[in-house]
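Reader: I am new to this structure. Can you take me through its salt bridges?

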Amino acid sequence: MHAAILRTFTSRALVRKLPILCRAVGPVRLQSTYKIPATGINPAYDEALKVIETYSSQKASEAEVAAASLKKAEETGADADEINRLEKEWFDLAVEAKINDGEVLWNADQGNYDLSQPVYRYLKERAWRGRPLEILMQRILQMFVLPDMLDPRDMNTPEAQLNIVSSGNGVIEPGAVVDPASVLKAPEIELVSFREDTRLHTLVLLDLDEPCEEQQSFREQFHWIVSNLAFSKDQIKADPSTGSVLLPYIPPHPAHGSPIHRYVVVALEQSNDGQNRLDSVEVSRDMVMRDFIAEHELRIVGISFFRSAWNESVDEIYRDVLKQAPPRFGLEIAPRTDVGPDGRKINSYENY
């Protein structure tokens, strides 16, 4: 009985200290403690391994046949629907051949994904379409990225995982507040498309909350547009030098007195299933995202965003990068007649 009471108090004390411990050591990735059982002990377990191995070998053989059929269809110029059907058949069989492999599942648990292999693309997409995609869509709607940027009816659920990576923050969580100084240089963009083929995309960085004095409201401002970026299973990091820079990057610069800004990064698949190029198009920083998408027949496949607010570093961006005086928004501070030059309150009797 005394031992049970001691364990109870010890566990309660640990729970109380847990937030302090977490703050001290930072976020910790929980690793599975499962160990693969040894063979030669349980005959039923050994027989189950044989069944799994036989099944995997059978699916691997079927995947090879499907791959040969796909290659033949591509060489003979089969229609797109037939090629898509054969691609899906091959992909599903390739996944089935490896999905019960203990080493594959262990690597996925550790976060090691070789996206050149169908089974890892399948596991990566399944993991992303769980909680991460749910959180992304929840924050996009709660913080009114939709419908402020685009009518939700004109946008399907994202089909690619887009990560914004800055030098000071690592991967930025959707909706996180970041220091403007940490994105002084263009962040790295990762797009995991989960596709076998290579497609061209246009990346856009957009501010949804740029103050507009003429309308006494807010407008969109484009900070960065790069088109003709190829993404595939082998190329997930954006390399702007390989694309066409339609608008050079300017850092986020939320003006003094304006509310917190939402900066949205969007990956747009170019027309004709990402095969058409987007060159020599007229763009401006003041255009509207809806019009840009409609005019060039683009399709949103990946999206994420962060938020930022004014601090002293923003004034340096205005002066050094934009070459203009830092603006000031908001109501003018009303002068106080009851405070003297020294900042102290004047005694009301001193006015007589």
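**Salt bridges**

Author: The side chains of Arg139 and Glu173 meet in a salt bridge, 3.5 Å from N to O. A salt bridge here is a side-chain nitrogen of Lys or Arg within 4 Å of a carboxyl oxygen of Asp or Glu. This is a predicted model, where local features need pLDDT of at least 70, side-chain atom pairs count only at pLDDT 80 or more, and totals for chains, interfaces and linings use all residues. Residues are numbered from 1 along each chain as its sequence is written, and side-chain values use heavy atoms, leaving out hydrogens and water.

Reader: How many salt bridges does a search of the whole structure find?

Author: The search covers the whole structure. The count of salt bridges is 21.

Reader: Is Asp315 buried or exposed?

Author: Asp315 forms a salt bridge with Arg328, with the closest N and O atoms 2.9 Å apart. Buried means under 20% relative accessible area, exposed over 50%, and partly exposed in between (1.4 Å probe, protein chains only). Asp315 has 9% relative accessibility, so Asp315 counts as buried.

Reader: Which helix holds both Lys59 and Glu62?

Author: Their side chains meet in a salt bridge, 3.5 Å from N to O. Lys59 and Glu62 lie 3 residues apart, about one turn of the helix. Helices are DSSP runs (H or I, at least four residues), numbered from the N terminus. The helix, residues 43-75, is α2.

How values were computed. Helix = DSSP H or I, 4+ residues; strand = E, 2+ residues; numbered from the N terminus.
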